[in-house]
Amino acid sequence: MTVLVTGGTGYIGSHTCIELIGAGYEVVIMDNLSNSTAQVLDAIGQITGKRPAFWEADCCDAQAVESVFAAHPDIRAVIHFAASKSVNESQAKPLQYYRNNLLSLIRILEAMQRHSAHCLVFSSSCTVYGESASQPVNEQTPLQPPTSPYGATKQICEQIIADSVKAGSGLRASILRYFNPIGAHASGLIGESPLDTPQNLVPLLCRAAAGKSGRLQVFGNDYDTPDGSCIRDYIHVSDLGQAHLAALTRLQSGKAESATEIFNIGTGKGFSVLELIRTFEAVNGVKVPYDIASRRPGDIARIWADTRLAQEKLGWKAHKSIEDCLQSAWLWQTHCTQKH
Ligand code: NAD
Ligand code: WQD
């Protein structure tokens, strides 16, 4: 079966393509390279023995999307990763975020309808839960009003998908709410490599440890958590890739109980920023220079996932430990020094 992977040269997309190819899927990638490079295709080829078909094109461009579907009439499913993902940048450039994240989804859904591709897996985020009174959060936990345009786009995209499914054109969708993806492929050949300065904790932590940037700033040690730093649910990106495979398999099997299903994709365990630093230092034998800084506006104190639904319905759970995550992140950092 042929799967269109939008955003497939990006961080999560590239790791997912490896899982898909490994499971025997034909993969077609569409990416405008706004936050990735085509070199990733060589690495995917090296790891899997198969270089995926690639279209450098923008998902917001209806004609470009049509060309990809027309060239691959056997596309039956889409995994839609393509989006802009920086919370900060979305605050500075809200229109760019609304246009890219909403329009790309709409163009893809329109083309899927025209070409009778009925299965969609969509990248959502735990950001939709905001600050919840109790942890862990499950899929029924009420969503909070979004605190950034980025977060708003994920909530609106979820609604667009649910409405499209309800309209009865045959579309079936699996919405995956990722928690904090980290780490890199075990080969050390691909990992997180944003074109701009990274903003997420683990790439910044790796850069600080490698002496590639200044000291890591720990945003707050006065939260109401055991060590005062924030708690998140960090999931290895290859485990996350496998979750997409499981979601796709369920969509194709017709076993889904409703035409739109939503799953939390995390580990079910929370780690604090300071615990992460200590674990990184222990498993990699390298020091992380850091300072305690003030809180980052908009951060929530804690969130981790209730993952029982994914386990029950998708037969999926995360296998890699926090140590695996941080070892692979460091391996990638040391392999990619020429880029970062
Ligand atoms: P990424 O930036 O590494 O990958 C996204 C890819 O999409 C990039 O290769 C980029 O060039 C491409 N892209 C963006 N807009 C496009 C467009 N209009 N047309 C074609 N290609 C386009 O990001 P990622 O971390 O791999 O995230 C993938 C998805 O997962 C995104 O939807 C993101 O919002 C979501 N997500 C990410 C995280 C995270 O922490 N990384 C957490 C939750 C959800
Ligand atoms: C993790 C923890 C920071 C950087 C964001 C998005 C979310 C999702 C994942 C896309 C926090 C602390 C960070 C630093 C620090 N992305 N930190 N120093 O904020 O949980 O989630 O990425 O959907 O939507 O909001 O991830 O990696 O930025 O931060 O102390 O230099 O690390 O305060 O507690 P976050 P993050």
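Okay, let's start with two helices: the axes of α7 (residues 201–209) and α11 (residues 322–335) come within 10 Å and cross at roughly 55 degrees. Axes here are lines fitted to C-alpha atoms, for helices over the stretch in contact, with angles from 0 to 180 degrees between N-to-C directions. Helices are DSSP runs of H or I, at least four residues, and strands are E runs of at least two, numbered from the N terminus. That angle makes α7 oblique to α11, because under 35 degrees is roughly parallel, over 145 roughly antiparallel, 65 to 115 roughly perpendicular, and the rest oblique.

Quick caveat: this is a predicted model, so local features need pLDDT of at least 70 and side-chain atom pairs pLDDT 80 or more, while totals for chains, interfaces and linings use all residues. Residues count from 1 along each chain as written, chains are lettered from A and ligands numbered from 1 in written order, and side-chain values use heavy atoms, without hydrogens and water.

Now, the ligand. Ligand 1 has 28 residues around it, Asp31 and Tyr150 being among the closest; to count, a residue needs a heavy atom within 4 Å. For polar contacts (N or O pairs within 3.5 Å), a polar side-chain atom of Asn35 sits 2.7 Å from a ligand 1 oxygen. Ligand 1 nitrogen atoms lie 2.7 Å from a polar side-chain atom of Asn100 and 2.9 Å from one of Asp58. The protein buries 95% of the 820 Å² that ligand 1 exposes taken alone, by Shrake-Rupley with a 1.4 Å probe.

And which element gives the most to the shell around ligand 1? That's β5, with three residues.

Note on methods. A polar contact is a pair of N or O atoms within 3.5 Å; within protein, one must be able to donate a hydrogen and the other to accept it, and residues adjacent in sequence count only if both atoms are side-chain atoms.
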